[in-house]
Every structure is written in C-alpha cells, then in structure tokens.
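Welcome! Here is a short briefing to read side by side with the model.

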Amino acid sequence: MDSVKEGVVLAATSPESKRTRSNGKGKATADAAPPSATVVSTKATPLPRGGWKKGVAILDFILRLGAIGSTLGAAAIMGNNEQILPFFTQFLQFHAQWDDFPMFKFFVIANGAACGFLILSLPFSIVCIVRPFAVGPRLLLVILDIVMMALVMAAASSAAAVVYLAHNGSQDANWVAICQQFSNFCQVTSEAVVFSFVAAVFLICMIVVSSVALKRS
C-alpha cells in the first residue's frame, strides 16, 4: 500500500505532469511558446544638428552687446567734445565744439541711430537662440545689420577725414592744422572715431556669422 501511495505522489509532482495536459483523447498539449526576444540596435542615434546654430546665435548676441557699447561710446564721446582755449579777448574767443563741423553732427546721429537699432534687435537675437532653425528673424537681422554697418562706416570715415585735416592741415587749400592749438579736442575726436570703427568691425562679424548660419540651414 505504501508503495502505491509513493507512486501516486511522484506522478503528481513530476515535471511532466505539470507541463502536459490531457485533451480528452490521451494526447498532451504542446508547451507554451517562449517569449519573443527584444531586438536591440547597436547603431548610435544621430544627435540633433542644432547645437552649433545655437552657439552661433549666442555669439551673435555677444557681438551685438559689443557693438552697442562701441556705438554708444562713440556718440557720447563726440557729443560731449568741446574745448575753449585759455587765451581770449573781450571780442574774440577760441572755442571748438563738435557741432561746429557738419561731419561730426552726422557722426553723432549715425552712431546714435545704430545704437538704437542694436538695442531693438536684441529680442530678435534671443529668438534665434531659442529657435536656432528660425530663418526669418536671422535673415531680417542680416539685412538691417548690413544697412547699419554701411551707415557707421560712412560716419567713421567722414569723421576720420576731418580729424586728419585737423591734425595735418592742407597747404594747397590753406587749411591750418587746428590740433596744434586744440589738442584735447582732437584727441577726444580721435577716440570717438576709433570707437566707431570698432563698432563697424563688430557689425561685420555679426553679418559674417549670421550669413554662415543661413547658408547651412
């Protein structure tokens, strides 16, 4: 009797009894299908190509800040430039001021206008940082930057010509070199012209950077 019970227990706990089942005709059903294997790709996922465009937009923003400082400095320095010589009489006073020269007036107006434009262009530059693939704002900035660069370059060149004549004069035209007397006035004027040329260089760099970004869009 004990041997019979042991045989029943072994038959109940054997692995085959757990895996097979009678279908009413004495046949065993097939084992369950194994789970499907997950396919893992070994290829690297390509990274987005907008990283360098965002870097270009950040560089453009930094260049705009430099151009704002340069144009503002040029306009402020020239707009406050004047000198009165210590020797004068009751009826004659030796006084040099920036608005005595039409070229210097144009210089102050041009640099002031360029500074105002650059300040207003900062939100568009920020849009290019947030959306590096945006073409419209960048194209608009390139066109206006070219106009401002030409304006600043013209103002700086005309003022530089007047400064050259003030330093050296012209024997053919009988123009006296006034910088021999108004030395401080000429020195400040030269500093303003240098600031304006620096602003023009910033604008040229901005145009080049934005044009490269547009070309590879």
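The structure holds one cavity of 30 Å³ or more, and the volume of the largest cavity is about 50 Å³. On a 1 Å grid over the protein atoms alone, a cavity is a set of points where a 1.4 Å probe fits but cannot get out, whereas a pocket is an open set with protein on both sides within 12 Å along at least five of seven lines. Grid points are joined across faces, edges and corners, and a volume is the space filled by probe spheres set on the points.

This is a predicted model, where local features need pLDDT of at least 70, side-chain atom pairs count only at pLDDT 80 or more, and totals for chains, interfaces and linings use all residues. Residues are numbered from 1 along each chain as its sequence is written, and side-chain values use heavy atoms, with hydrogens and water left out.

**The largest cavity**

- Its lining includes Phe-101, Phe-104, Val-162, Val-163, Ala-166 and His-167; lining residues have an atom within 4 Å of a point.
- Also among the lining residues of the largest cavity are Ile-178, Cys-179, Phe-185, Cys-186 and Thr-189.
- The elements that give two or more residues to this lining are α6 and α7 (183-215).
- Helix α6 gives the most, with four residues. Helices (H or I, at least four residues) and strands (E, at least two) are DSSP runs, numbered from the N terminus.
- By class, the lining of the largest cavity has nine nonpolar, two polar and no charged residues. Here Ala, Val, Leu, Ile, Met, Phe, Trp, Tyr, Cys and Pro count as nonpolar, Asp, Glu, Lys and Arg as charged, and the others, Gly among them, as polar.

**The largest pocket**

- The largest pocket has a volume of about 150 Å³.
- You can find it by looking for Phe-101, Val-162, Leu-165, Ala-166, Trp-175, Val-176 and Ile-178, which line it.

**Buried charges in a network**

- How many salt bridges does the structure hold? There are two; a salt bridge is a side-chain nitrogen of Lys or Arg within 4 Å of a carboxyl oxygen of Asp or Glu.
- One joins the side chains of Asp-60 and Arg-64 (2.8 Å, N to O). Both residues lie in helix α3 (residues 51-79), four residues apart, about one turn of the helix.
- Arg-64 also forms a salt bridge with Asp-145, with the closest N and O atoms 2.7 Å apart. Arg-64 lies in helix α3 and Asp-145 in helix α6 (residues 136-168), so this pair ties together parts that are 81 residues apart in sequence.
- Salt bridges that share partners join Asp-60, Arg-64 and Asp-145 into one network.
- Are these residues buried or exposed? Asp-60 is buried at 3% relative accessible area, Arg-64 is buried at 0%, and Asp-145 is buried at 0%. Buried means under 20% relative accessible area, exposed over 50%, and partly exposed in between (1.4 Å probe, protein chains only).

- Ser-125 is found in helix α5 and counts as buried, at 1% relative accessibility.
- Leaving aside residues up to four places away in sequence, Ser-125 touches Ala-57, Asp-60, Phe-61, Arg-64 and Leu-141; contact means heavy atoms within 4.5 Å.
- Leu-118, Ile-119 and Leu-120 in α4 meet Leu-122, Pro-123 and Phe-124 in α5.
- That contact of α4 with α5 has six nonpolar, no polar and no charged residues.
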